[in-house]
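Reader: Can we go through the spaces in this protein and what sits in them? Keep it quick.

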Amino acid sequence: EDDNVLHIGGIFPIRGKGGWQGGQACEPAVRLALEDVNKNSILSGYQLKLHWNDSECDPGLGASVMYDLLYNKPQKLMLLAGCSTVCTTVAEAAKMWNLVVLCYGASSPALSDRNRFPTLFRTHPSATVHSPTRITLMKKFEWYRIAILQQTEEVFISTVEDIETRCKQNGIEIITRQSFVSDPADAVKNLRRQDARIIVGLFYVVAARKVLCEMYKQQLYGKAYVWFFIGWYKDNWFEVNLKEEGIKCTKKEMRIAAEGHITTEALMWNQNVNQKTISGQTSEDFRKRLENVLRLEGYAIDRHRYPEGYQEAPLAYDAVWAVALAFNKTMTILEKQGKSITSFNYNNKEIADHIYSAINSTQFLGISGWVAFSSQGDRIALTQIEQVINGKYVKLGYYDTQDDNLTWFDKEKWIGGKVPQDRTVIRRVL
Ligand SMILES: CC1(C)CO[C@@H](CC(=O)O)CN1
């Protein structure tokens, strides 16, 4: 084995359809991080080298990529992976090889389970990171009677369970929970029947367009309603692909239905764009470097044809820095004991435990903001709240779950000129 090189494995979703092909931008971001880590000799004399292959966001293919990486030399010290389904499979198996798995693109709440995934860490926040933000907004506007509309996908099912728990803890009543597989018409009708006014919508973007058109047709929009949508759809999501997806509403109708809705999303780019991060570059510097690399790969960035994973690229970049910092910590500790990290092998639990506890306590300012992990390996992240005002997303504020702090810009606009009520208010005529 070539000395002075620490080898890691990587599994990226590049080709294929279905799921998330975010490896398209995340693998180039990892390349930039390796360049920076090795240039800054973070690993005092050692170089970090990545061996990777494409999972297509398919768990079976991801498993075979993992086996290839493990059964072929050189030996790897840990694994990077993306896509919730692939991370579930890889993280569940990797513990048998005493390997830490760091997921840069996995949002499923199911992954926050130390029993099933004892060596999993994520720089990508869990989808449950939205829940405290939504609850905080409901309390701010005194909405204590809400409804939920969700697509029946695992990530949304476990997210709803988290919302239900938090609603109970905060005295917020969920009057109905409607779900649909692909056609939301009946579910939307049931919302109207139950006089739902404040609705949390959990679905992928193709289903979101169907819901929006149903809302228009059944008039579940406008001044009496507040819809919470997920914030990581593209900004103009409600005006595109209408014909291709058989949406029976015009652009104008979709805009009318979309007006005023609120979104929550985890922040993946450090908002202080001129703040120098641990690598010495700002998130703006990183954006420019990444876009140059992506142009060289043939993506038409200037015509806003970004590859999948562009949004999550900082999470992949920061994952490599987390690994490098953790390895550096581990090497320092082992050297004091006259041992070396290169004596790690898949059966050596002792060194694996050092790597685990090093990453567990790693914290730093990355391109994606402050990077730190919870006891379940989850990314601790800020969320951003936006509202569609005159057809465009406007930033309403940020929320920090750690210290329950809401930064609010007082920019919200209500179609009826006042905060919508969470129920029909019967005026008593005296
Ligand atoms: C915000 C999003 C799009 C959520 O899904 C993640 C992929 C996954 O969880 O499989 C990637 N980032």
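Author: First a term. Ala, Val, Leu, Ile, Met, Phe, Trp, Tyr, Cys and Pro count as nonpolar, Asp, Glu, Lys and Arg as charged, and the others, Gly among them, as polar. Also, this is a predicted model.

Reader: OK. By class, what does the lining of the largest cavity have?

Author: Nine nonpolar residues, four polar and three charged line the largest cavity.

Reader: And how much space lies in the largest cavity?

Author: About 100 Å³. Its lining has 16 residues, and G222, Y225, E259, G260 and I415 are the closest to the centre.

Reader: How many cavities of 30 Å³ or more does the count come to?

Author: Three.

Reader: What is the volume of the second largest cavity, and which residues line it?

Author: The volume of the second largest cavity is about 40 Å³. The lining consists of I230, G231, Y233, D235, W237, T263, E265, E386 and Y393. That splits into four nonpolar, two polar and three charged residues.

Reader: Switching to the ligand. Which residues surround it?

Author: W20, C83, S84, G105, A106, S107, H124, W232, M268 and E312 surround the ligand. By class, this shell has five nonpolar residues, four polar and one charged.

Reader: Where does the side chain of S84 come in?

Author: One of its polar side-chain atoms is 2.7 Å from a ligand oxygen. The side chain of S107 also has an N or O atom 2.7 Å from an oxygen atom of the ligand.

Reader: What about E312 and a nitrogen atom of the ligand?

Author: There the distance is 2.8 Å, from an N or O atom in the E312 side chain to a nitrogen atom of the ligand.

Reader: How much of the ligand's accessible area does the protein cover?

Author: On its own the ligand has 330 Å² of accessible area, and the protein covers 87% of that.

Conventions. Residues numbered from 1 in each chain as written. Predicted model: local features only at pLDDT ≥ 70, side-chain atom pairs only at ≥ 80, totals over all residues. Heavy atoms only, no water. Near = heavy atom within 4 Å. Polar contact = N/O pair within 3.5 Å; in protein donor to acceptor, adjacent residues only side chain to side chain. Areas by Shrake-Rupley, 256 points an atom, 1.4 Å probe, with all protein chains shown as cover. 1 Å grid on protein atoms, 1.4 Å probe; cavity = no way out; pocket = protein on both sides within 12 Å on 5 of 7 lines; lining within 4 Å. Points joined across faces, edges and corners; volume = space filled by probe spheres on them.
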